[in-house]
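Subject: Structure handover

Hello,

My notes follow below it.

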Amino acid sequence: MLEIKNLTKIYKGGKEAVSNLSLTVNTGDICAFIGHNGAGKTSTIKCVVGIHDFDKGEIYVNGMSVKEKPLECKQVMAYIPDNPDLYEYLTGIQYLNFIADIYGVSAADREQRIKEEAAAFEIEAALGDLISSYSHGMKQKLAIISALIHKPKLLILDEPFVGLDPMATLHLKNRMHALCEEGTAIFFSTHVLDVAEKLCNKVVIIRGGKLIAAGDTKDLTDGKSLESVFMEVIKE
Amino acid sequence: MIKQVLTLSKVQLKSLFGINEVLHTKDKKKKQSFALLSVAYVLVILMAISYVGGLAYGYHYLGLGDIVPMYLYTILSILMLVLSFFKAGSVLFSMKSYDIMVSLPVTKSAILISRFVTMYVTNLLFSLIVMIPGLAVHIWFAKPGISFYIISLMAVLFAPLLPLTISSILGALIKGISSRMKNKTLVETFLTVGLVVVIMVGSFRMGPKTENLDMEALKELIGTLTSALGNIFPPALWYHQALQGSILHFVLLLGIPALIFTLFVWILSKRFTEICTGLNATYAKHNYKLGELKAEHVLLSLFKKEMKLYFSSSLYVTNSGIGYILAVLLAGAIAVMGVDSLAEFMEMPMFLPLIHKVLPFVLAMPLCMMSTSACTVSMEGKTFWQLQVLPVKAKDIYNAKLLWNLAIAAPFYLISVVLMLIGAKPALSDALHYFLIPLVLLAYCIVLGLACNLWFPKLNWDNEAQVVKQGAAVLVSMLGGVIAVIVPAVLAIALQPASYAVYYFVVEAVILVITGVLYYSITKKELITISR
């Protein structure tokens, strides 16, 4: 579903944020993307979702190049940023309607999906309020609902659990599992190694923009904790 | 506390005009944009200098030289009042960075004063641009003594204090009143525009009427004007009296603004937190029940989003709306007074024979002063990522932004053109162009605004005033708009073509072609190439 081939991203001023990175996330995978602060996780994600241009390599979503067919790629994926800067001048429901309109979701489908997710994230009563009145966690919940509204084939999340309350965290984990069973691929960055270990069937570790370890979580950890594996490979 | 104010002010000043960003960025494009913006600023400054210098020269030429310093001082104070008034509320009472600052071991007064410092510095620069050329001309004619220089220097340094205080009080009052209303942005905008129109009309009526003057009348006029200016703005009279050698008025000139400002800061600092949180409070009902939802076309959905973005900021609405309101006021004045009376009233009788021919351009001027499109991309700010990741063509987003600007301008355009036709009563052959010239210029300015914003996007801002009032895109598009209106108007007067109908057609065709080229260049701009 997501294939990154020899990706290199150099920022203006010459800083190489991502260097010759290659990875694959298949349908049904939940893949954790791990690394230090400034390792290049967000830069990679932003290249995939169309926020950043990149210098070398290729990115394919559902078999389509993001450079050649950006709109088609965006149509099948959804992205939730680490800091949910949403349109504060809209109400929650106006925001969800706007996103649904852009993705071409029918009125009946959006109604049903919003109802289900809003109830699960306990946010329905707040949907009539302006987003500017929302807490960080509420914005995060709204961003998650908006990402699920068009049933994406590829879900990309940058630090999705930051700011979520325990109930919402549990619901998001359950939704991620359910989505994978339905055939969605999930690629998310995180610093919470415990969650990554329990939730993901795949792990990718990067350092200084370069891939240093990748594979099935079980194979990579081989009986050890993901935390200790991460410390080992980072030190090497 | 002085150390705290200095430290906080240093941080605030670093964001002024984006100088710090340019000094530290490795992005060449940002540096080029800054260089271009500097050129635009220099152009505006040169225009201001020549206008103020010409004004001072004109007064001396008419024998009214004595009132030049106080006249400049009054004009400057009114301009500072209007300019600060637009942004005082949003700069002083902004909650952005307030949380971090208030958690630091600094006093609230220090936070408050540091916020004033940014506005003071901007106003001081503005004072220098207005006062130096005007006073230079005055010095050239009057050859005053050393005391003139000292008093004027002190007057300029203290000049921003009173307008800043008044505009802050008015800004806070308007924000306070509107924050209790349901449609608070609209109420805030309405009150702001209303007050600005009152100040502008009031200051316009302040100017001297110079027809049929003889020496006796002149002497009388100086006395009348001095007391009139003194009535409008007493510090201007104190400045005048100080220049005549009155130490008491010199003390008043510096002491009263300083005292009022200090008192205001002291009172405000006592309730700063309550005022900030009160004015920026958002009310959540938390009782929404999901009903039937409706699907809409992408372009309509984007258009509605633009509408909500526009009405989310009273500063944005006020800044772009003031030109449209002025167009209606101008056309209304033409309808009521007739073109000839208006030209006489505005002391431009020399243009009387040709004014009918340039009237469509005169109306186009306020319509083209400011487009909402000139900062619509920048206004997306930190939410710009959202547009980048959505499966929507950049062209659709741009079209929605252009259409929204057109929708906002259209009623004002139509009303003002109809009013102008009523007042000007042009020949049938000209009437068509009374419609078309402002329309093509309006379309050009809207497209130019968006093009400028795509050339100079600023998504990293703390306060919307940085993009709505100080953004490079706004300045460049305003210059581009003014030039597009003035050049054909001046050519119409200079060339006096045999057929004005043909001339108008040529102008319309040229503007349309330029607009088309600009629009084409816009549609080629990918969202991914715009970064924070």
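How many helices and strands are there in chain A? There are nine helices and 10 strands, taken as DSSP runs (helices H or I, at least four residues; strands E, at least two) and numbered from the N terminus.

Some ground rules. This is a predicted model, where local features need pLDDT of at least 70, side-chain atom pairs count only at pLDDT 80 or more, and totals for chains, interfaces and linings use all residues. Residues are numbered from 1 along each chain as its sequence is written, chains are lettered from A and ligands numbered from 1 in the order written, and side-chain values use heavy atoms, without hydrogens and water.

Overall shape of chain A: its radius of gyration is 18 Å, which agrees with the value near 18 Å for a compact globule of 236 residues. That radius is taken over C-alpha atoms, and the globule rule is 2.2 Å times the number of residues to the power 0.38. The C-alpha trace spans about 50 × 40 × 35 Å along its principal axes.

Burial: 57% of the 236 residues in chain A are buried (under 20% relative accessible area, 1.4 Å probe, protein chains only).

Cysteines: the disulfide count over all chains is zero (a disulfide is a pair of cysteine sulfur atoms within 2.5 Å). For Cys180(A), the nearest cysteine sulfur is that of Cys200(A), 8.8 Å away. Cys180(A) counts as buried, because its relative accessibility is 10%. Cys452(B) is buried too, at 1%. Its sulfur is 9.7 Å from the closest cysteine sulfur, in Cys445(B), so it is too far for a bond.

Best regards

Note on methods:
Buried < 20%, exposed > 50% of the residue type's maximum accessible area, 1.4 Å probe, protein only.
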